[in-house]
Amino acid sequence: MVTCLRGARMVLSVQDEFIRANRIRALVTPELLAEARANPPRGRQSAALVEVLDFLRRNPDPELPRYAVLRTPDGFAVVRRAPVRGAPPTPDGADRYPTRQEAEHAVLLRRLRDYEVLS
């Protein structure tokens with residue numbers, strides 16, 4: 001078990017912990033983050049970006065937060081999905097993003113921090 005930066009405990013299988021520590025961490029570079037920010041269409045993403053996104057989409061640790069992007073009157077907000085089905089999401093900070101793409105990039109950064117790939 002690994003302690004998460006946000007105080008929760010990470011519960012990863014031995015295999016997922018190995019992938020996180022030895023593959024994903026090595027793939028996340030400033031260049032990869034710039035590629036992700038540019039949001040290339042599917043099929044034009046590098047193999048490294050596809051691998052990182054696939055790892056995050058699998059949600060290997062169900063205890064970590066799940067995020068969503070919500071349109072608000074003043075832009076887009078990042079919210080945490082409720083752990084209980086049907087409960088409303090809660091805001092994850094007061095930041096507002098002018099575009100959905102910027103908010104989705106913010107979600108990517110949060111997820112990478114949750115998995116202790118970014119500090």
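I started with R110, which counts as buried at 9% relative accessibility. (Buried is under 20% relative accessible area, exposed over 50%, partly exposed in between, with a 1.4 Å probe and protein chains only.)

Before going on, I noted that this is a predicted model, where local features need pLDDT of at least 70, side-chain atom pairs count only at pLDDT 80 or more, and totals for chains, interfaces and linings use all residues. Residues are numbered from 1 along each chain as its sequence is written, and side-chain values use heavy atoms, with hydrogens and water left out.

**R110 and its partner**

Which residue does R110 form a salt bridge with? I found D92, with the closest N and O atoms 2.4 Å apart. (A salt bridge here is a side-chain nitrogen of Lys or Arg within 4 Å of a carboxyl oxygen of Asp or Glu.) R110 sits in helix α4 and D92 in the loop between β5 and α4, so the pair ties together parts that are 18 residues apart in sequence. (Helices are DSSP runs of H or I with at least four residues, strands are runs of E with at least two, and both are numbered from the N terminus.) D92 counts as buried too, at 11% relative accessibility. I also logged a network of salt bridges that links R80, D92 and R110.

**Helix α4**

I then checked the helix that holds R110. α4 covers residues 100–114, which is 15 residues, and spans 21 Å from its first C-alpha to its last, close to the 21 Å expected at 1.5 Å a residue. (The expected span is 1.5 Å times one less than the number of residues.) Its buried residues include A103, H105, L109, R111 and D114. After α4 comes E116, and I noted its positive phi, near 55 degrees.

**Other salt bridges**

How many salt bridges does a search of the whole structure find? I got eight.

One joins the side chains of D74 and R96, at 3.5 Å from N to O. D74 is in the loop between β3 (67–72) and β4 (75–80), R96 in the loop between β5 (90–91) and α4, so this pair ties together parts that are 22 residues apart in sequence. I have D74 down as exposed, with a relative accessible area of 52%, and R96 as partly exposed at 33%.

Another pairs R57 with D54, the closest N and O atoms being 3.9 Å apart. Both lie in helix α3 (residues 47–57), three residues apart, or about one turn of the helix. R57 is partly exposed, with a relative accessible area of 46%, and D54 is partly exposed at 41%.
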